[in-house]
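Subject: The structure I promised you

Hi,

Here is the structure we talked about. Have a look at it first, then read on and follow along in the viewer.

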Amino acid sequence: MPHAEKGMAVGLFGGSFNPPHAGHALVAEIALRRLRLDQLWWIVTPGNPLKSTRELLPLSTRVDLSRRCAGDPRIKVTAFEAGHRIRYTADTIDLVQSRNPGVNFVWIMGADSLRDFHRWERWREIARSIPIAVIDRPGDTLAFLSSTMAKTFDHARIDEDDAPVLARRRPPAWTFIHGPRSSLSSTAIRKAAAGGA
């Protein structure tokens, strides 16, 4: 697990990153800038419980590719979940917050993840335990409004102009951040690679 000092604002950006691509780097860059983060932890997961692991690249390969993809020194690529045998985001957040008292964490995710957020294990608990920043993704700008999470926690949504203070807000608190979008997707990259083989 990366090191963070008390008082810091730190983004947690988890995913399979199978493979990581410029779209992921763009989400990380927007989060760093708009949320005024001191660090962003790029958390490469052992595997997403909601996705098949059949096409999953080895963890070490995904970590290496993520390090190459993440250009900013404030981005810390890590795979600590594997060492702690963690499968669910709620457990990751519990561990990170208990090990880092005084650090202001915010969960970062693309708008495409918001659509299925209500299928995540203990999703309401996640929303009540950490502020969440949802970063715009192509095709998902309007869909997020109809998501179960957006409806359930509509009262906790803050204006994106207040994004710089989100990490220090008491949860539930979340915002949707518009900005440049990348049409890249890991699924499309895997399909293209399979077709070219």
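Below is what turned up in it, going from the whole chain down to single residues.

One thing to keep in mind from the start: this is a predicted model.

**The whole chain**

The chain has 8 helices and 6 strands. Starting at the N terminus, they come in the order β-α-β-α-β-α-α-β-α-α-β-α-β-α. Of its 197 residues, 47% count as buried. If you take the contacts with a separation of 6 or more, 77% are between residues 24 or more positions apart.

As a bit of background, nonpolar side chains tend to be buried together in soluble globular proteins. Here, the largest nonpolar core has 31 residues, and the ones with the most contacts inside it are L12, W41, F117, I132 and W174. Helix α4 gives the most to this core, with 4 residues. There is another core apart from it, with 28 residues, including L35, L37, I75 and I158.

Helix α4 itself covers residues 89-99, and its buried residues are T89, A90, T92, I93, L95 and V96. What do they pack against? Their partners are the strands β1 (9-15), β2 (39-44) and β4 (104-110), together with the helices α3 (80-83) and α6. While you look at the helix, remember that an α-helix has 3.6 residues a turn, so residues three or four places apart point the same way.

**The aromatic rings**

The structure holds 8 aromatic pairs. In one of them, F117 and W120 sit 4.8 Å apart, centre to centre, and their planes are at 55 degrees, which makes the pair tilted. Both F117 and W120 are buried. Another pair, W123 with F153, is edge-to-face, with 6.1 Å between the centres and 85 degrees between the planes. This one links distant parts of the chain: W123 belongs to helix α6 (residues 123-129), while F153 is 30 residues away in the loop between α7 (148-152) and β6 (174-177). W123 and F153 are both buried too.

Strand β6 runs parallel to β5 (residues 132-135), and 4 bridges join the two. One to look up is A133, whose bridge partner in β6 is T175. In a regular strand, side chains alternate between the two faces of the sheet. In β6 both faces are covered: W174 and F176 are buried on one side, T175 and I177 on the other.

Now find E160, in the loop between α7 and β6. Is E160 buried or exposed? Its relative accessibility is 19%, so E160 counts as buried. What does the E160 side chain make polar contacts with? One partner is the side chain of R34, at 2.8 Å, and another is the side chain of H178, at 2.6 Å. E160 and R34 are 126 residues apart in sequence, yet their C-alpha atoms are 8.7 Å apart in space. Leaving out residues up to four places away in sequence, E160 touches R34, T175, F176, I177 and H178.

- T45 is in the loop between β2 and α2 (59-69). With a relative accessible area of 13%, T45 is buried. Beyond its neighbours within four places in sequence, T45 is in contact with G15, S16, L59, R62 and E81.
- F17 has a positive phi, near 50 degrees, and is not a glycine. F17 lies in the loop between β1 and α1, and counts as buried at 3% relative accessibility.
- P19 is in the loop between β1 and α1 (22-34), and the peptide bond from N18 to P19 is cis.
- P171 and P172 are also joined by a cis peptide bond, with omega about 5 degrees. P172 is in the loop between α7 and β6.
- R122 has a positive phi of about 55 degrees and is not a glycine either. R122 is in the loop between α5 (111-114) and α6, and at 32% relative accessibility it counts as partly exposed.

Happy clicking!

Technical notes:
Residues are numbered from 1 along each chain as its sequence is written. This is a predicted model: local features need pLDDT of at least 70, side-chain atom pairs count only at pLDDT 80 or more; totals for chains, interfaces and linings use all residues. Side-chain values use heavy atoms; hydrogens and water are left out. Rings of Phe, Tyr and Trp (its six-membered ring) pair if their centres lie within 6.5 Å; planes under 30 degrees apart count as stacked, over 60 as edge-to-face and the rest as tilted. Buried means under 20% relative accessible area, exposed over 50%, partly exposed in between (1.4 Å probe, protein chains only). Contact means heavy atoms within 4.5 Å. A nonpolar core is a set of buried Ala, Val, Leu, Ile, Met, Phe, Trp, Tyr and Cys residues joined through side-chain atoms within 4.5 Å. A polar contact is a pair of N or O atoms within 3.5 Å; within protein, one must be able to donate a hydrogen and the other to accept it, and residues adjacent in sequence count only if both atoms are side-chain atoms. Two strands pair if DSSP finds at least two bridges between them.
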